[in-house]
Amino acid sequence: FVLLALDDVQWMDSLSWKVVQRLVDRGKGLMILCLCRPFAMEDASIDPGFLRQIQEEKAENGKKNPDLSVIELQPFTESDVLMILSATLGCDPGCIKEEVCKHLFKNSGGIPYYVRELIQVMNQDDLLERGNDGLIGWRSSQSEYNQITLHTDMNELLLHRLDRFQFDGRTLLQLGAIIGFEFSFSELLEIQYLSMNISLTQVKQVQGQLSRAVKENILIETCHGGVPKNQLRG
C-alpha cells in the first residue's frame, strides 16, 4: 500500500493532473491524499472527464464506495480558541478575559497554525498578565492602540519574529535560505566566515542563533551530531 500526499493542489497545472490521472488509472494499492484551500474542482485545471471518473461510484461486495472522498476541515470556533489558549496558559477558560480571546480569534480566523503562532508571540513578548481580579488580560503597559493592532497580519507576525533576532542571527537565516531547503552546520559556518580559521566563540554564537531559530519553529533540526533526531535517545 502506498500513500501519496500532494499539498496545495489548487495550484497544480493540467500536466500535473495528468500525472495524477495516470497514477489513478495504473496504480494498485495506492491512495492519493490531496490538500488544498477551498476551491471549486470544476474551476481547476483538472480534466473534466477524469473528475467525473473519480466521482463515480463503483459496486464492491454489494456496497457503494466512492473513488473520491472530500473532507472539509472547518476553522476553530471562538470556543475552540479559548480552550487552546487556556491549555497553553495552564488556567481555567473562565480566567481569561473575553477581549483577549476575541482578539486571538479575530486575527487568526480560527486557523490552527495562526492560533498557535499568535499565542506563542503573546507568551514570548509577555503581553498578558493576571490582574487583581484574578483574570488574565492584556498587560497594563500595553496601550489600547497596541492591543487592537497587535499582529493583525500573519506576514507582520512572521516579520516580528525575525526582527527579534540580532543582525548576525538574521544574516545566518538569510544564508540558510540561500543555501536551500536543507543545509548543514559546517556549510553555514564556512560561508558565514569564508575561512576555516573559526574560533570556538564564533561556533558557539552560530549554534546559539540556530538553536533559537529551532525553538522559534523557524528551522527544523533533523540531525544532531551526525545522528538523525528520531534516533536520539533521551
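User: Where is D8 found, and why is D8 called partly exposed?
Analyst: D8 is found in the loop between β1 and α1. Helices and strands are DSSP runs numbered from the N terminus (helices: H or I, at least four residues; strands: E, at least two). Buried means under 20% relative accessible area, exposed over 50%, and partly exposed in between, with a 1.4 Å probe and protein chains only. The relative accessible area of D8 is 35%, so D8 is partly exposed. This is a predicted model, in which local features need pLDDT of at least 70 and side-chain atom pairs count only at pLDDT 80 or more, whereas totals for chains, interfaces and linings use all residues. Residues are numbered from 1 along each chain as its sequence is written, and side-chain values use heavy atoms, leaving out hydrogens and water.

User: How do you know whether Q10 is buried or exposed?
Analyst: Q10 has a relative accessible area of 16% and therefore counts as buried. Q10 lies in the loop between β1 (2–6) and α1 (14–26). Q10 and R37 are 27 residues apart in sequence, while their C-alpha atoms are 6.8 Å apart in space.

User: What makes a group of residues a nonpolar core, and which members of the largest one touch the most other members?
Analyst: A nonpolar core is a set of buried Ala, Val, Leu, Ile, Met, Phe, Trp, Tyr and Cys residues joined through side-chain atoms within 4.5 Å. The largest such core has 17 residues, and L85, V100, L104, M122, L128 and W138 touch the most other members. At least two residues of this core come from each of α3 (78–89), α4 (98–108), α5 (112–124) and β6 (136–138). Helix α5 supplies the largest share, five residues. Apart from this core lies another of nine residues, including L6, V9, M12 and V20.

User: Which residues does V100 touch?
Analyst: Leaving aside residues up to four places away in sequence, V100 touches L85, L128, I136, G137 and W138. Contact here means heavy atoms within 4.5 Å.

User: Why is the pairing of K102 with E78 called a salt bridge?
Analyst: A salt bridge requires a side-chain nitrogen of Lys or Arg within 4 Å of a carboxyl oxygen of Asp or Glu. The closest N and O atoms of K102 and E78 are 3.4 Å apart, so the pair meets that criterion. K102 lies in helix α4 and E78 in helix α3, so the pair ties together parts that are 24 residues apart in sequence. K102, at 39% relative accessible area, is partly exposed, as is E78 at 26%.

User: Which side chain meets R139 at 3.0 Å, and which forms a salt bridge with R139 at 3.2 Å?
Analyst: D126 is the partner at 3.0 Å, N to O. This pair links distant parts of the chain, 13 residues apart: R139 is in the loop between β6 and α6 (144–149), and D126 is in the loop between α5 and β5 (128–130). R139 has a relative accessible area of 23% and is thus partly exposed, and D126 counts as partly exposed at 43%. E129 is the partner whose closest N and O atoms give 3.2 Å with R139. E129, in strand β5, is ten residues from R139. Elsewhere, salt bridges that share partners join E78, E98 and K102 into one network.

User: How many salt bridges does a search of the whole structure find?
Analyst: The search finds five.

User: What makes F1, L3, M31, L33 and L35 a patch?
Analyst: Patches consist of residues with over 30% relative accessible area and no salt bridge; like charges are joined within 9 Å, and nonpolar side chains (Val, Leu, Ile, Met, Phe, Trp, Tyr) within 5 Å. F1, L3, M31, L33 and L35 form a nonpolar patch with about 540 Å² of accessible area together. Accessible areas come from the Shrake-Rupley method with a 1.4 Å probe, and for residues only the protein chains shown count as cover. M31, in strand β2 (residues 30–34), has 45% relative accessibility and therefore counts as partly exposed.

User: How does the span of α8 compare with that expected?
Analyst: Helix α8 (residues 167–179) has 13 residues and reaches 18 Å from its first C-alpha to its last, close to the 18 Å expected. The expected span is 1.5 Å times one less than the number of residues. Its buried residues are G169, T171, L172, L173, L175 and G176.
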